[in-house]
Amino acid sequence: MPSLLERDAHIDRLDHLLAECLGRAGRVALVDGPLGSGKSELLRVFAARAAERGVLVVGAGCSAQERDLPFGIADRIARSPGWPAGHAERLAALAEPAVLADPAERAGGIAPDGAVPDGGGLDGSALHATGLHGTGPAGDPAGPPSPALLRACRDLTTALLAAAADTPVLLCVEDIGHADEASLHFLRHLVRHLPQSRVLLVLTDGSTPWPARRRLHAELLRHPHAHRLTLAPLSRAGALRLVTEGLGEEDARHRGPGLVDVAGGNPLLLHALVDEHLDRADEPEPRYGPALLSCLHRAGPGVLRVVQAQAVLGEEAPAEDVARLLGERESADAVARIRATLSAAGLLDGEGRLRTEAARTAVLEDLAPHERTELRLRAAQLAHETGSPAAEVARHLVEAGRAPAPWAVAALTEAAEHALLDHRHRTAVACLRLAHKEAAEESDRAVLRHRLTQAEWQLNPSAAARHLVPLTAAVRAGHLGLAEALVLVRYLLWHGRSEEALAVLDLLRARTRPASPAETGALRDVETWLAHTHPGLARGRRVPALPADLRHAVAPDVDPQLRAAAALAGALTRGRAAEAVDRARQVLHDAHLHGRTPWAEEAALLALRVLLEAGHADTAAVWSQRLLGTAARREVPTATALYSAAHAEAALRLGEPTTAAEHARAALTHLSPTAWGIAVGLPLGTLIVAESRTGEHRSAAKHLTHAVGEAMFQSLYGLHYLFARGEHYLATRHGHAALADFLSCGELLRTWGLDGAGVVPWRTQAADAWLRLDNRDRAWRLIHEQLSRADADLPHNRGPALRLLAAAGPAGRRGPLLTEAVDLTEASGDRYEQVRVLTDLSRVHQAAGNKRRARLLLRQALHLATMCGLKPLAQELLSVSADLGESGPAADEPREPGGFGALTESERRVASLAVLGYTNREIAGRLYVTASTVEQHLTRVYRKLGVRRRKDLPADLRAGLRKTG
């Protein structure tokens, strides 16, 4: 048994009272304290000490179940073993219930007071006494005790004192709050006659200030020979000692503080926690819930019921609401007292709340399922009647799993809307799921299913897919409007169900009223979006053109973001991305305002696509990172996956394959490939290219084994995947396979009428494949076609084309072409292309005998390749470096006129970074200066070193970065 902690003063006090008793000065001690404070343990330890001194220990415990048994405690005392032989029979005879005159007289005396003892409970009778299950306060005597009861008390007291005349007696009665009325009369009578006896009477009771309990305690303690001992919860030091004794020093050092924090100094709860831990030592956290429940069950069903009601309503629920939930409006004081009792015991915190969420869960799970449901429904009804927010009403309804009234469905719907506004999609899904289940009208159920699909879509498009067939049927039945039907088209296409999507579109075209330009405009917006994203489905399916003055009309129930998406898609389809950059920036700037609308993500993704196609990959990277951060904070998996994929593509355009691969993998983690639908071609294609460029060819090839449906190749996602596969084949020296994929891309774009849109640079890559297959003529023709296009002047398009033109053309033209290509790739920010151009230009200078310049360019290319994780290119450059005899700064490189010593520290920093291939903007970002300052520093560096441009900067300046950095 565990030792008794922080109770030495109480033991000493009891020892002193026992000593007085042995001197024929009988005493009574009332030991009270909160539930679980150790009253029973104190009594057990003291009884053992008294027995060692030759004292006869007589004990009796009161029980709520025996409260109606007349003279039950008195009878138990009288029949206890150990009484002297000459007195035992006399005591037993006098304690028989038959000595009472008649059953009607058994009600006399003080009524049960609803105590909360260590080993008993607060059951229905006690709750009646508190007012939770009755109409008035308990403890009012029903009348004076009968003469028969008075005689029985007198005779039994006389016999007991006579038995103690020769043998001192310690009489222990636990939980007197549960004693029957006749026995309480006997105990009061005994207390009055204790002086000049050898009896020490020790009573235990709870400390909750019930009115009846206060009267009983006052009557017992009004005598001068009566004493009160109150137990308090353990101090933190005492609690830690208790845990250490139970667990051992090593375990207690790690687990002790956590156990003590949640136990509130309650010894009973601490023992339960220690036992739980010993039973489940492999679990990282103490199982607080079961331990708390074991204590609450000892308190009785009434106390537990109050705690359960509070857990249902929430920790801040006032006592009045808890009482109403339990079915009584007059018992708020009783609820408050029970809270005070449990707080004093440490089972609730100082504010009367459960200490942990695990405790709340355990308390609720202890209810039978039907009880929990009934309690939740009553809580929802109460919240509705008191005008609580819809979210509060819905919380109870969702927990109950039922919404039996019309107001309940309305509350669930309103709560779901608020949850969507706050980006709490899981809450919205739970509310909408129940509302849809309980709605009576089919039209209402269709609308609710549509809202549920939107909410589930943000969490997992695969989960939302099960609604597509019923939603399609709802569109046919006319239960859904135009806006809902257009969103359904997008969802169907995402999952590759193109025939169903086109059937819905045809139905909408047939229903569109000519007199409704707004509806016609919405349909045209979808057609425009479809022509760009799913061009294989869009041809020949167009609604009639609108008059110019009606083209901007918007249907009031159609998402304005659809109009934005259509405008951006139209610009991309016509190859006019540069003209739509401002619109794209505006869409991205306002994206946070439209996070819950179904077309918002599509508009944002198209805006990022516009920036990429217009040559603003760096801006697209910044915006995609910002959108990704917002989606991640809001815990929206679908948006997080989409923006991860967009950021991966932007990083790939900037020649950062390691970053691109990281975000592409993340995109395929936030959503499984199945949940991605046909859009999986976007992250999958980016990942394949990124891993091919970093040399992870085996992993890239593994991704190519992922099963993709034919429907994907009717969309730009399929084109993206096909182009990526061609790049992988090119990187692994499968020239014919790569060429076939690039030419297939071109054929698809021509079939779709998008060859002028510049969706993918298939001509450039096909020319690269032809060159590797040693067919310069075909490569030359494709490159010239590429350079004659409308978007050929954009740096990210022209730079790679000039590099390949130099490779396909005569040797004499290679230098100027590659020199221009270096400037273009630097302007585009594509480090991958920079490495390739610098490598080719280094070879040109090597062939011309300019080894100094060849080494400088080679070093720049090698640095960029290493920095960006371009392992295959880096290995190729190392072999070229060996051919040049490169092992460090070349001895034949002359120093510049002014020398490095003429440079200031800041100029040396700027020049060092420039030699390593950083752009002016990147240098400004690294050194925390403006781009203009970088330009000024470089101008002074050129003058001091006698060079004309950054390509002529000596490679030795790289050492300056290490010296000054």
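**Cavities and helix packing**

The largest cavity is lined by 22 residues, and L605, R609, E649, L682 and Y717 are the ones that lie nearest its centre. The model is a predicted one, in which local features need pLDDT of at least 70 and side-chain atom pairs count only at pLDDT 80 or more, while totals for chains, interfaces and linings use all residues. Residues are numbered from 1 along each chain as its sequence is written, and side-chain values use heavy atoms, with hydrogens and water left out.

A cavity is here a set of points, on a 1 Å grid over the protein atoms alone, where a 1.4 Å probe fits but cannot get out, and its lining residues have an atom within 4 Å of a point. Grid points are joined across faces, edges and corners, and a volume is the space filled by probe spheres set on the points.

Which elements each supply at least two residues of the lining of the largest cavity? They are α24 (482-494), α26 (517-533), α30 (600-613), α32 (637-653) and α37 (716-731), where helices are DSSP runs (H or I, at least four residues) numbered from the N terminus. The largest share, seven residues, comes from α30. By class, this lining has 14 nonpolar, three polar and five charged residues, with Ala, Val, Leu, Ile, Met, Phe, Trp, Tyr, Cys and Pro counted as nonpolar, Asp, Glu, Lys and Arg as charged, and the others, Gly among them, as polar.

The second largest cavity has a volume of about 120 Å³, and its lining includes V822, T825, E826, Q834 and L838. Two or more residues of that lining come from each of α42 (814-828) and α43 (831-847), and α42 gives the most, with three residues. The classes are four nonpolar, four polar and three charged residues.

Two of the helices that line the largest cavity, α30 and α32, also pack against other helices. Helix α29 (residues 581-589) packs with α30 at an angle of about 140 degrees, their axes being 9 Å apart; axes are lines fitted to C-alpha atoms over the stretch in contact, and angles run from 0 to 180 degrees between N-to-C directions. The two are therefore oblique to each other, since angles under 35 degrees count as roughly parallel, over 145 as roughly antiparallel, 65 to 115 as roughly perpendicular and the rest as oblique. The crossing of α29 and α30 is left-handed, meaning that the near helix is turned anticlockwise from the far one by less than a right angle. Their contact (heavy atoms within 4.5 Å) involves V581, A584, R585, V587 and L588 of α29 with A603, A604, A607, L608, V610 and L611 of α30.

Helix α31 (residues 617-633) packs with α32 at about 160 degrees, with axes 8 Å apart, and the pair is therefore roughly antiparallel.

Definitions and conventions:
On a 1 Å grid over the protein atoms alone, a cavity is a set of points where a 1.4 Å probe fits but cannot get out, and a pocket is an open set with protein on both sides within 12 Å along at least five of seven lines; lining residues have an atom within 4 Å of a point.
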